[in-house]
Amino acid sequence: MACLLETPIRMSVLSEVTASSRHYVDRLFDPDPQKVLQGVIDMKNAVIGNNKQKANLIVLGAVPRLLYLLQQETSSTELKTECAVVLGSLAMGTENNVKSLLDCHIIPALLQGLLSPDLKFIEACLRCLRTIFTSPVTPEELLYTDATVIPHLMALLSRSRYTQEYICQIFSHCCKGPDHQTILFNHGAVQNIAHLLTSLSYKVRMQALKCFSVLAFENPQVSMTLVNVLVDGELLPQIFVKMLQRDKPIEMQLTSAKCLTYMCRAGAIRTDDNCIVLKTLPCLVRMCSKERLLEERVEGAETLAYLIEPDVELQRIASITDHLIAMLADYFKYPSSVSAITDIKRLDHDLKHAHELRQAAFKLYASLGANDEDIRKKIIETENMMDRIVTGLSESSVKVRLAAVRCLHSLSRSVQQLRTSFQDHAVWKPLMKVLQNAPDEILVVASSMLCNLLLEFSPSKEPILESGAVELLCGLTQSENPALRVNGIWALMNMAFQAEQKIKADILRSLSTEQLFRLLSDSDLNVLMKTLGLLRNLLSTRPHIDKIMSTHGKQIMQAVTLILEGEHNIEVKEQTLCILANIADGTTAKELIMTNDDILQKIKYYMGHSHVKLQLAAMFCVSNLIWNEEEGSQERQDKLRDMGIVDILHKLSQSPDTNLCDNISFVLQLYLPG
């Protein structure tokens, strides 16, 4: 039976249910319509605030009968309306209740009810739909299955303040992502909802505002439209600014600030516009105050983090507004033993959700410290900050761990902090632990941060190497996630920079030549570029070049040939020619080029290329091959002259590019007289 609860009912329980609730269901089948109506009204009164009674009635099959009565043409409008009210009350129970209602196909029945001419019935159907669609177990897609539903809901917006409130609430809960935004936008959501911002009903204004926040989020098309919409002679951004003034309810201030934030991030409002700098940003900072409720502080901090994330000037302004950096430190002390919370329910709620505060604080610190060195220093000097971040890396909540890693990643962009605070707190240890076993979203940020810790000047580089980082990073290069492949190879590239021969050998052994060449044919351009960067760093310092080319020379030359022949962009080919130039700098390795006529012809071709970057890179190859202080230089010079290289050099010496001309002059001087 589709409408049964998921948990099986024992017979003893069922008999108890039957005794107390059966008569409510039986009355729904009475042949007298008046008695049926009274039965539904009595059922409505019985279930209000009584979750056990709601569950009992669902188990006893009340829902299919209520839906039948709601859809029967012979049912009076009053009966249909009362049925919709009872169904709405049942939906306000547990999530299992909502699942049972969905299993009985309640949504199509209620949507059909919206075609009725009776306003009270329409409002009852909408109220029930609102309750069902705002439940986390209801798929949003059910609103969009029938293409006629959205335009009909738009038409019903004008019927009453209740239709306005419920429909806006349904839209704001069911608008998830660009596809939904486009559907609502194309059906006139902006024009139909804009005038509701001036409604006399606070609930209508609030739901309309929430609609605009979900419509504008990461959507340039909607945001650009909103900027120019007039309501009673005022532009929407001006209305939003009025709604975030201090005398307005906090919920309204926050949602208006979100609308302006999303429009700004979508490029519809400039970051230096007064409505952002003087209104939105200060409003969001106010929301971070310890006077605000937990959920307000969380939403305020997260929205502010999103607003300032890409803009260094907003980051600087925020950092000096109302002592924000110090204010955020309170997020880690909540609820404290001296907390002024006297409401036990509120205290219980806040204890369960305190991790959300820490998550929000980490997010905002990450945005604040994204670019400015002084701000990073202030954040790190905030009481026990590094200890709090390190603790955050091992929290049970994935979201807190992710936010802590992001915060750490943001602070790791500072050379000064990498050398001091990061070393003092041995940040690399918990980071390596995070990398051992974490979801991809955490791995991407943690591995990106590891790239910074492996930079040549970082004191953490040595202990990270000793803790088995090579194998871990080589493992990341095999991930299906391109971001993890990029970070794995990027970190190895940093590791190989000016490294000892042993480290380079470890990288090549752990990575394997097969995987290296798989990465060189990766479809992701970033992976290819970082792999070429790794090869270039491996092939530096003559003894290292000769050693690596003696064992892997054939495969490396093959890979170089394939890339130079392939359809790759200028940057890829420039990197590849630079690798060749490094090989040409080897003592014995250069013979792999000199004995490979195909490669020599390619160097000659790129010397005559139209792009200066490739000409210069090819020139470095020639310069290293003919360096006249090395054994065999005369023979190499003669071979290249016979190939016509000297003629090309003379021709290029007329180039308008001064950098190219200077390099050509230098190469020509290397040739011995003769």
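The accessible surface of the protein comes to about 30300 Å², and 52% of that area belongs to carbon and sulfur atoms (areas by the Shrake-Rupley method with a 1.4 Å probe; for residues, only the protein chains shown count as cover). This is a predicted model, in which local features need pLDDT of at least 70 and side-chain atom pairs count only at pLDDT 80 or more, while totals for chains, interfaces and linings use all residues. Residues are numbered from 1 along each chain as its sequence is written, and side-chain values use heavy atoms, with hydrogens and water left out.

**Overall form**

- The protein contains 42 helices and two strands (DSSP runs numbered from the N terminus: helices are H or I of at least four residues, strands E of at least two).
- Its radius of gyration is 34 Å, well over the 26 Å that the globule rule gives for 674 residues, so the protein is more spread out than a compact globule (the radius is taken over C-alpha atoms; the rule is 2.2 Å times the number of residues to the power 0.38).
- Along the principal axes, the C-alpha trace spans about 120 × 65 × 55 Å.
- Of the 674 residues, 55% are buried (buried means under 20% relative accessible area, exposed over 50%, partly exposed in between, with a 1.4 Å probe and protein chains only).

**Nonpolar core**

- The largest nonpolar core has 242 residues, among which Phe212, Leu368 and Leu580 touch the most other members (such a core is a set of buried Ala, Val, Leu, Ile, Met, Phe, Trp, Tyr and Cys residues joined through side-chain atoms within 4.5 Å).
- Beyond its neighbours within four places in sequence, Leu580 is in contact with residues including Met557, Ile593 and Cys621 (contact means heavy atoms within 4.5 Å).

**Helix 14**

- Val222, Ser223, Leu226 and Val227 are buried in helix 14, which runs over residues 220-227.
- These residues lie on the same side of helix 14, because they cover an arc of only 135 degrees around the axis (the arc of the directions from the helix axis to the C-beta atoms).
- Elements covering the buried residues of helix 14 include helix 11 (178-186), helix 13 (202-216) and strand 2 (234-235).

**Two loop residues**

- Thr74 is placed in the loop between helix 4 (62-71) and helix 5 (77-91), and it counts as exposed because its relative accessibility is 72%.
- The C-alpha atoms of Thr74 and Pro33 are separated by 9.6 Å, although the residues are 41 apart along the chain.
- Ser199, in the loop between helix 12 and helix 13, is buried, with a relative accessible area of 16%.
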